[in-house]
Amino acid sequence: MTTIHDLTALAEDHLTAARSAAHGRSAELLIREDPLRLSVIALTEGNALEEHNAPVAATLQVLRGRVRLTAVSGDITLTEGELHAIPQERHGLTALTDAAVLLTAVTA
């Protein structure tokens, strides 16, 4: 049977965990069906995922708050409800407010 994920509840749960974590973040891999990965990531305001390599294909959907996706091709600010393809280059993510995102990635 397939598990149903409540993204609203997961965003709130991970934001609560991120707020109490020393590093200001919380994450969970929700779905792992090769090569597909879906993860919820929460960051408190000002915290970031440092620059890293892009997977084969990926999107970022903001569930709560506001974030900045940084890349050589240009930075983009995303707000709650927005979805954006992650560029095929090194990139990073910074929380402009307490934020939770859904990362969808194809790894091979």
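Strand β6 (residues 76-79) pairs with β5 in the antiparallel sense, over four bridges. Two strands are said to pair if DSSP finds at least two bridges between them. Strands (E, at least two residues) and helices (H or I, at least four) are DSSP runs, numbered from the N terminus. The model is predicted: local features need pLDDT of at least 70 and side-chain atom pairs count only at pLDDT 80 or more, while totals for chains, interfaces and linings use all residues. Residues are numbered from 1 along each chain as its sequence is written, and side-chain values use heavy atoms, with hydrogens and water left out.

Four residues lie between β5 and β6, and the two strands form a hairpin. In its turn, Gly-74 has a positive phi of about 135°.

Strand β5 has two faces. Val-67, Leu-69 and Ala-71 make up the covered face, and Arg-66, Arg-68 and Thr-70 the uncovered one.

β5 (residues 66-71) also pairs with β8, in the antiparallel sense and over five bridges. A further antiparallel pairing joins β8 to strand β3 (residues 48-52), over three bridges. The table gives bridge partners from these pairings.

| Residue | Partner | Strand of the partner |
|---|---|---|
| Arg-66 | Thr-79 | β6 |
| Ala-71 | His-91 | β8 |
| His-52 | His-91 | β8 |

Is strand β8 largely enclosed or open, and why? Four of its five residues (91-95) are buried, so β8 is largely enclosed by the rest of the structure. Buried means under 20% relative accessible area, with a 1.4 Å probe and protein chains only.

The protein chain as a whole has one helix and nine strands. Its radius of gyration is 13 Å, close to the 13 Å that the globule rule gives for 108 residues, so the chain is as compact as a globular protein of that length. The radius is taken over C-alpha atoms, and the rule is 2.2 Å times the number of residues to the power 0.38. Along the principal axes, the C-alpha atoms fill a box of roughly 35 × 35 × 25 Å.

Of the 108 residues in the protein chain, 33% are buried. Among contacts (heavy atoms within 4.5 Å) between residues at least 6 apart in sequence, 63% join residues at least 24 apart.

How values were computed
Buried means under 20% relative accessible area, exposed over 50%, partly exposed in between (1.4 Å probe, protein chains only).
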